Structures are given as C-alpha cells and as structure tokens.
Amino acid sequence: MPRTLPFEAVTGSLREVVDGMVPGEELVLTSHGDPVAIVTRPLRTSWPCEPGSAKDTKHWMAPDFDAPLEDFKEYME
C-alpha cells in the first residue's frame, strides 16, 4: 500500500522525501484528501558497489568468532 501525504506537507521538502524513499516505493500526494500525483522511486539499474572495492580495507573479527555458543551448549555435547 503506497504512502499518502498531503501536497502541503512536502512543499519545500520534496527532495528529502524522495531521497528517503526505497527503490520501487510509491508516494501518493493529495490535495484536500483527493489524490493528485503519484511519485515512484525507480528501481536500481546497477549495484552501487564495485567488486573488489573493499580489498584493502582492514576487517576485524572477534577471536572467538567460531566458538560454540553457550545457549547451544547442550546440543553440541
């Protein structure tokens, strides 16, 4: 179900409203309760990340990452 907002609520802030929408989301703008426009955020045509862009990034992993969890101790025995 699309989100509905009165036209007056987005006057001057339409850019921020559209930037906050997810791809494919619809927004119905109304005037006196009647729909007057539908704004749809287009779906992505490409992925925003490039393969290999994080290859030189330092990653941290907890030393006990693969240690058994206490919650499942009884199942591990």
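A salt bridge is taken here as a side-chain nitrogen of Lys or Arg within 4 Å of a carboxyl oxygen of Asp or Glu, and by this rule the count comes to two. The model is predicted, so local features need pLDDT of at least 70 and side-chain atom pairs count only at pLDDT 80 or more, while totals for chains, interfaces and linings use all residues. Residues are numbered from 1 along each chain as its sequence is written, and side-chain values use heavy atoms, with hydrogens and water left out.

**Salt bridges**
- Arg3 and Glu25 meet through their side chains in a salt bridge, at 3.6 Å from N to O.
- Because Arg3 lies in strand S1 (residues 3-6) and Glu25 in the loop between helix H2 (14-19) and strand S2 (26-31), the pair ties together parts that are 22 residues apart in sequence; helices (H or I, at least four residues) and strands (E, at least two) are DSSP runs, numbered from the N terminus.
- Asp19 and Arg15 form a salt bridge at 3.9 Å, N to O, and both lie in helix H2, four residues apart, about one turn of the helix.

**Accessibility**
- Buried means under 20% relative accessible area, exposed over 50%, and partly exposed in between (1.4 Å probe, protein chains only).
- Arg3 is partly exposed at 37%, as is Glu25 at 22%, whereas Arg15, at 61% relative accessibility, counts as exposed.
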